[in-house]
Amino acid sequence: MDFKLSEDELMFINLFSDFCKKEIEPYAEEADKKKEIPKSHFHKLAQIGYIGLPHEEEYGGQNAGTFRSLLSMQTLGKACGSTFFSVGASGGLFGLPIHHFGKEEQKRKYLPEINQGTKIGSLGITEPDSGSDVSAIKTVAKEISKGVYHLSGQKTYITNSPIADYCLVLSRVQDLNGKEKGLTHFFVDLNSKGVQRSAPMEKLGLKGSQTGALFFEDVEVSSEDILGTLGKGFRQTMQTFNMERLSLAAWSIGLMEACLEESKTFASTRRSFGKPIAQHQSVGNLLAEIYTKLEASRWFTYNVAWEMGEADKLGKGNMHLSGKCASCKLFATTSAREVTNLAVQIHGGAGFMEEYKVARLYRDVRLGEIGGGTSEIQKLIIAGSIMKK
């Protein structure tokens, strides 16, 4: 496995790292307090090429591939988790299904404005009574005339729903005779008649990334609004989840890098018993644990990203990597939660104060073991994958 970057790729990663330090990270704390990221983040990240990284150049993308995209996600995740999730929900959760399954006219309609940051997307799957159990969703699109449907239902915990222009909504479909036609994704303009949004929800962490509920009452959609093919929504969702899980692992790596940097700085400057606390064996042990969990997560994630990139080159899809993506996500997000705990411990009483970055990271990290399927669901996927082999 060759993780070596080309000169152009390395130049972009270094440029993007500098960009995040100057344009994103300084606003992370303010975004957390205001409970929204600056809208300008979408435009700036579009201009530098981040949002369009995985997409084809003809739609305003960079055609960068999985591995370079992952390194960039790691960098943004380190700078600001809220920005990572909001921009990722638009370019990734909304954009990648179009990239993989969209018709040519759908790609031309949606991807350029998403990649340019002029429009914001979201993905609507979770409902009040169904989260990880995608097959249990109740939202339904009933055909009222040939190729015309009325969409009704509710989605919840949807990233970007308070600010998004579009949502890719997973729904059951009933034809004119009331026959079930399978789960299907529909493009929905969130300014359409019959769509209502909740206020942004109050959250434990990642407060700058707005989350809310969406309500649909007889929203008119057509066969032209179907992503790819009628009845293929379940498989499309599972493949999208694989990339989401890899993305969450990338964010976890960035977050752990931030924890290590904050802990090194604090342990070097905070003194007790006449010397920096880094020189105490107990604190050194905590730093060693952080580093080990970070590096193990990093190379596990890079390995899976490389395999996914090879699968994309062959046009094979990534369903055969579901077990590895789940395992990678499980390990990295669990490690990140443990690392933030260690970072707060190194900071002692200061780590319990909101003025220190590790306190925010401690709150943010908790989503990792819930979003994209809980850790318990990941274990079921991993076990199933093992038994198939």
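User: How many salt bridges does the count come to here?
Analyst: Keep in mind that this is a predicted model. Side chains of opposite charge can pair when their charged atoms come close. The rule used here asks for a Lys or Arg side-chain nitrogen within 4 Å of a carboxyl oxygen of Asp or Glu. By this rule the count comes to 18 salt bridges.

User: Which residue does E25 meet in a salt bridge, and how many residues apart are the two?
Analyst: E25 pairs through its side chain with K357, at 3.3 Å from N to O. E25 sits in the loop between α1 (7-24) and α2, while K357 belongs to helix α10 (residues 357-364). That makes it a link between distant parts of the chain. So the partner, given that the N to O cut-off is 4 Å, is K357, and the separation is 332 residues.

User: What area do domain 1 and domain 3 bury between them?
Analyst: The contact takes 20 residues from domain 1 and 27 residues from domain 3. Of the area they bury, 65% is on carbon and sulfur atoms. The total is about 2,200 Å².

User: Which residues in domain 1 lose the most area to domain 3?
Analyst: Three residues stand out, together making up 29% of what the domain 1 side buries. They are T66, Q74 and K78.

User: And which residue forms a salt bridge with K78?
Analyst: Between domain 1 and domain 3, the count is three salt bridges. In the K78 pair, the closest N and O atoms are 2.5 Å apart. The partner is E261.

User: Which helices each supply at least two residues of the domain 1 side that touches domain 3?
Analyst: That side divides into eleven nonpolar, five polar and four charged residues. The elements that each give at least two of its residues are α2 (28-34), α4 (66-79) and α5 (81-101).

User: Switching to strands, in what sense does β3 pair with β2, and over how many bridges does it pair with β7?
Analyst: β2 (residues 140-145) and β3 (residues 148-159) share five bridges, with V140 partnered by S152 in β3. On the β7 (residues 211-222) pairing, H150 stands opposite E220. The sense with β2 is antiparallel, and the number of bridges with β7 is nine.

Conventions:
Residues numbered from 1 in each chain as written. Predicted model: local features only at pLDDT ≥ 70, side-chain atom pairs only at ≥ 80, totals over all residues. Heavy atoms only, no water. Contact = heavy atoms within 4.5 Å. Buried area = accessible area lost by both parts, 1.4 Å probe. Nonpolar A, V, L, I, M, F, W, Y, C, P; charged D, E, K, R; others polar. Pairing = 2+ DSSP bridges.
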